[in-house]
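Reader: I would like to learn how to read a structure like this one. Could you walk me through it, feature by feature?

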Amino acid sequence: MIILLTIFQYLIQAVVDLMDKFLLTSRKIEPVNYTFYTVVTGLVLLVIWPFNYFRIANEYIWLNLLSGGVFSLAMYVFFRALAQGDASRVIPYIFGVVPVFDILISVITGRNPLMINEVSAICLL
(Lines give C-alpha, C1' and ligand atoms only; values in the text may rest on other atoms or scores of the structure.)
Protein backbone atom coordinates (compact mmCIF):
# COMPACT_ATOMS: atom_id res chain seq x y z
CA MET A 1 0.00 0.00 0.00
CA ILE A 2 2.82 2.39 0.90
CA ILE A 3 4.54 1.70 -2.41
CA LEU A 4 1.37 2.58 -4.33
CA LEU A 5 0.99 5.81 -2.38
CA THR A 6 4.63 6.66 -3.07
CA ILE A 7 4.21 6.05 -6.79
CA PHE A 8 1.06 8.16 -6.79
CA GLN A 9 2.90 10.94 -4.94
CA TYR A 10 5.60 10.92 -7.62
CA LEU A 11 2.89 11.16 -10.27
CA ILE A 12 1.40 14.20 -8.55
CA GLN A 13 4.87 15.76 -8.21
CA ALA A 14 5.45 15.23 -11.93
CA VAL A 15 2.23 17.09 -12.69
CA VAL A 16 3.31 19.91 -10.38
CA ASP A 17 6.72 20.08 -12.05
CA LEU A 18 5.09 20.19 -15.48
CA MET A 19 2.88 23.08 -14.38
CA ASP A 20 5.95 24.76 -12.87
CA LYS A 21 7.59 24.69 -16.27
CA PHE A 22 4.64 26.40 -17.93
CA LEU A 23 4.17 28.95 -15.16
CA LEU A 24 7.85 29.86 -14.88
CA THR A 25 8.31 30.40 -18.60
CA SER A 26 5.93 33.34 -18.42
CA ARG A 27 7.33 36.84 -18.10
CA LYS A 28 6.49 37.39 -14.47
CA ILE A 29 5.80 35.03 -11.59
CA GLU A 30 2.39 35.70 -10.08
CA PRO A 31 2.54 34.25 -6.54
CA VAL A 32 -1.22 33.78 -6.17
CA ASN A 33 -1.59 31.80 -9.39
CA TYR A 34 1.53 29.76 -8.79
CA THR A 35 0.48 28.89 -5.23
CA PHE A 36 -3.03 28.03 -6.36
CA TYR A 37 -1.90 25.54 -9.00
CA THR A 38 0.67 23.98 -6.69
CA VAL A 39 -1.81 23.51 -3.85
CA VAL A 40 -4.66 22.27 -6.06
CA THR A 41 -2.57 19.36 -7.26
CA GLY A 42 -1.93 18.45 -3.65
CA LEU A 43 -5.66 18.55 -2.94
CA VAL A 44 -6.01 15.46 -5.10
CA LEU A 45 -4.82 13.52 -2.06
CA LEU A 46 -7.70 14.98 -0.04
CA VAL A 47 -10.13 13.58 -2.58
CA ILE A 48 -8.50 10.14 -2.39
CA TRP A 49 -8.43 10.15 1.41
CA PRO A 50 -11.91 8.60 1.98
CA PHE A 51 -10.76 5.50 0.10
CA ASN A 52 -7.93 5.01 2.58
CA TYR A 53 -8.13 1.81 4.63
CA PHE A 54 -6.97 3.43 7.87
CA ARG A 55 -9.20 5.36 10.25
CA ILE A 56 -7.68 8.69 11.22
CA ALA A 57 -8.64 10.38 14.49
CA ASN A 58 -10.45 13.72 14.19
CA GLU A 59 -7.73 15.73 15.93
CA TYR A 60 -5.21 14.49 13.39
CA ILE A 61 -7.50 15.37 10.49
CA TRP A 62 -7.75 18.97 11.69
CA LEU A 63 -4.03 19.09 12.42
CA ASN A 64 -3.27 17.86 8.90
CA LEU A 65 -5.65 20.38 7.33
CA LEU A 66 -4.04 23.13 9.41
CA SER A 67 -0.64 21.94 8.25
CA GLY A 68 -1.81 22.13 4.63
CA GLY A 69 -3.05 25.68 5.18
CA VAL A 70 0.25 26.75 6.70
CA PHE A 71 2.06 25.06 3.81
CA SER A 72 -0.07 27.05 1.34
CA LEU A 73 0.78 30.28 3.15
CA ALA A 74 4.48 29.37 3.15
CA MET A 75 4.36 28.64 -0.57
CA TYR A 76 2.74 32.01 -1.22
CA VAL A 77 5.39 33.84 0.81
CA PHE A 78 8.14 31.89 -0.96
CA PHE A 79 6.81 32.69 -4.44
CA ARG A 80 6.27 36.31 -3.48
CA ALA A 81 9.91 36.51 -2.37
CA LEU A 82 10.98 34.92 -5.66
CA ALA A 83 8.91 37.44 -7.62
CA GLN A 84 10.50 40.38 -5.79
CA GLY A 85 14.06 39.17 -5.38
CA ASP A 86 16.74 37.12 -7.04
CA ALA A 87 16.42 33.33 -6.74
CA SER A 88 20.12 33.02 -5.84
CA ARG A 89 19.41 35.04 -2.68
CA VAL A 90 15.98 33.71 -1.73
CA ILE A 91 16.52 29.97 -2.04
CA PRO A 92 19.69 29.71 0.13
CA TYR A 93 17.93 31.79 2.78
CA ILE A 94 14.92 29.47 2.78
CA PHE A 95 17.07 26.35 2.98
CA GLY A 96 19.05 27.94 5.79
CA VAL A 97 15.92 28.70 7.82
CA VAL A 98 14.30 25.26 7.44
CA PRO A 99 16.60 23.47 9.96
CA VAL A 100 15.94 26.19 12.52
CA PHE A 101 12.19 25.62 12.26
CA ASP A 102 12.72 21.84 12.38
CA ILE A 103 14.55 22.19 15.66
CA LEU A 104 11.95 24.59 17.06
CA ILE A 105 9.09 22.26 16.15
CA SER A 106 10.86 19.26 17.69
CA VAL A 107 11.45 21.21 20.92
CA ILE A 108 7.87 22.56 21.07
CA THR A 109 6.22 19.20 20.39
CA GLY A 110 8.58 17.25 22.63
CA ARG A 111 9.37 14.71 19.94
CA ASN A 112 12.99 13.77 19.39
CA PRO A 113 14.51 15.92 22.13
CA LEU A 114 18.04 16.92 21.28
CA MET A 115 20.87 15.42 23.26
CA ILE A 116 23.79 17.53 24.45
CA ASN A 117 26.13 16.35 21.68
CA GLU A 118 23.53 17.26 19.02
CA VAL A 119 23.08 20.74 20.50
CA SER A 120 26.84 21.25 20.57
CA ALA A 121 27.08 20.12 16.91
CA ILE A 122 24.43 22.68 15.97
CA CYS A 123 26.34 25.40 17.82
CA LEU A 124 29.54 24.47 15.99
CA LEU A 125 27.81 24.93 12.65
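This is a predicted model: local features need pLDDT of at least 70, side-chain atom pairs count only at pLDDT 80 or more; totals for chains, interfaces and linings use all residues.

Reader: Thanks. How many helices and strands does the chain have?

Author: The chain comes to 6 helices and 0 strands. Along the sequence, the pattern reads α-α-α-α-α-α.

Reader: And where is confidence lowest, and where is it highest?

Author: The general idea is that pLDDT gives the predictor's confidence in each residue, from 0 to 100. Here the chain has a mean pLDDT of 77, with 86% of its residues at 70 or more. Helix 1 (residues 2-24) has the lowest confidence, with a mean of 73, while helix 4 has the highest, at 83.

Reader: Let us turn to the interior. What share of the residues counts as buried?

Author: Of the chain's 125 residues, 13% count as buried. In soluble globular proteins, nonpolar side chains tend to be buried together. In this model, the largest nonpolar core is made of 5 residues, namely Tyr-34, Met-75, Phe-79, Leu-82 and Val-90. Helix 4 (residues 58-84) gives the largest share of this core, with 3 residues.

Reader: Which residues does Val-90 contact beyond its neighbours in sequence?

Author: Setting aside residues within four places in sequence, Val-90 is in contact with Phe-78, Ala-81, Leu-82 and Gly-85. Leu-82 is also a member of the core.

Reader: Is Thr-35 buried or exposed?

Author: Thr-35 has a relative accessible area of 9%, so Thr-35 is buried. This residue sits in helix 2 (residues 31-42). Not counting residues up to four places away in sequence, Thr-35 touches Ser-72, Met-75, Tyr-76 and Phe-79.

Reader: How do I read separation in sequence against distance in space?

Author: Set the two values side by side. Gly-69 and Val-39 are 30 residues apart in sequence, with 9.4 Å between their C-alpha atoms. For Asn-33 and Phe-79, the separation is 46 residues, and the C-alpha to C-alpha distance is 9.8 Å. For the chain, consider the contacts with a separation of 6 or more: 54% of them join residues 24 or more positions apart.

Reader: Finally, the pockets. What is the volume of the second largest pocket, and which residues lie nearest its centre?

Author: Its volume is about 830 Å³. The second largest pocket is lined by 21 residues, and Val-70, Phe-71, Ala-74, Val-98 and Phe-101 lie nearest its centre.

Reader: Which helices supply that lining, and what classes of residue does it hold?

Author: Helix 4 and helix 5 (87-109) each supply at least two lining residues. Helix 5 gives the largest share, 11 residues. By class, the lining holds 17 nonpolar, 2 polar and 2 charged residues.

Methods
Residues are numbered from 1 along each chain as its sequence is written. Side-chain values use heavy atoms; hydrogens and water are left out. A nonpolar core is a set of buried Ala, Val, Leu, Ile, Met, Phe, Trp, Tyr and Cys residues joined through side-chain atoms within 4.5 Å. Buried means under 20% relative accessible area, exposed over 50%, partly exposed in between (1.4 Å probe, protein chains only). Helices (H or I, at least four residues) and strands (E, at least two) are DSSP runs, numbered from the N terminus. Contact means heavy atoms within 4.5 Å. On a 1 Å grid over the protein atoms alone, a cavity is a set of points where a 1.4 Å probe fits but cannot get out, and a pocket is an open set with protein on both sides within 12 Å along at least five of seven lines; lining residues have an atom within 4 Å of a point. Grid points are joined across faces, edges and corners, and a volume is the space filled by probe spheres set on the points. Ala, Val, Leu, Ile, Met, Phe, Trp, Tyr, Cys and Pro count as nonpolar, Asp, Glu, Lys and Arg as charged, and the others, Gly among them, as polar.
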